[in-house]
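Colleague: Can you take me through this model? I'd like to start with the pocket.

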Amino acid sequence: MKLLLFDIDGTLVKPIYSGRQHIETVLEQVCGQPITTQGVAFSGRTDPQILRDTLRLAGYSPEAMDRLIPVALEQYAAIATYCSEEVVLMDGVGKLLDYLASKSNVQLALLTGNIRVTAYRKMVAADVEHLFPFGAFGCDHADRNQLPAIAQQRALQYCGQPFTGKEIVIIGDSIHDITCGREVGAMSVAVATGFTGVQQLRSENPHVLLRDMTNVSEFCRLIGL
């Protein structure tokens, strides 16, 4: 049996550009002054890490960031709502998910930098939330490298069996999706559907590199299904 851990933004769904606006709105409310996310990378980062990087560039001290980030995350969860017009599945993803969900030897889950509440709002907007009963999220740990082990433990609790090594497959569009699973020995599937180009993804030596996920049979063959 394989545990397939999907990233959301740029992988399952097309990039949602309101995310930066939500972060800036929240930080302006929390900090009492305009804060820009210009120069802050979002791809493959957790929401807490994005907030920390933004505040660091704005000149805030580590102590101030520790105080502000929990408040900002709470407010972000309140305002970051998503509708079906904003959240659009990547080409081929709906067909792929339907096929994978029909397989008795596959368990689907999420591995994303989104906090849990916004992750599932996006999945609800895309009408695929029922396919992902659990996951690991940015609210679980700011360091994305810690999320695979969290997902591994939740899979054990949910499925009643352990997943190890390349039984765990992490699918994402950033270099961080490739590197985060190395400590648990996971298979990495990089898809060039986000903001990271094929050559940069290839430089991190993913086990599988795809331009998109439109070919269901090829995807399954390459991950050993």
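Colleague: Which element gives the most to the lining of the largest pocket?

Modeller: H1 does, with three residues. This is a predicted model, where local features need pLDDT of at least 70, side-chain atom pairs count only at pLDDT 80 or more, and totals for chains, interfaces and linings use all residues. Residues are numbered from 1 along each chain as its sequence is written, and side-chain values use heavy atoms, without hydrogens and water. Helices (H or I, at least four residues) and strands (E, at least two) are DSSP runs, numbered from the N terminus.

Colleague: OK, H1. Which of its residues are buried?

Modeller: Ser18, Gly19, His22, Ile23, Val26, Leu27, Val30 and Cys31. Buried means under 20% relative accessible area with a 1.4 Å probe, protein chains only.

Colleague: What covers them?

Modeller: The cover includes helix H2 (47-57) and helix H3 (62-79).

Colleague: And what comes just after H1?

Modeller: Gly32, with a positive phi of about 75°.

Colleague: Switching to the sheet. What is the strand order?

Modeller: E3-E2-E1-E4-E5-E6, an open sheet of six strands with parallel pairing. Strand E3 (135-136) and strand E6 (208-210) are the edges, each pairing on one side only. Two strands pair if DSSP finds at least two bridges between them.

Colleague: How many bridges join E1 to E2?

Modeller: Five, between residues 2-6 of E1 and residues 106-111 of E2. Leu4 stands opposite Leu108 in E2.

Conventions: Buried means under 20% relative accessible area, exposed over 50%, partly exposed in between (1.4 Å probe, protein chains only). Contact means heavy atoms within 4.5 Å.
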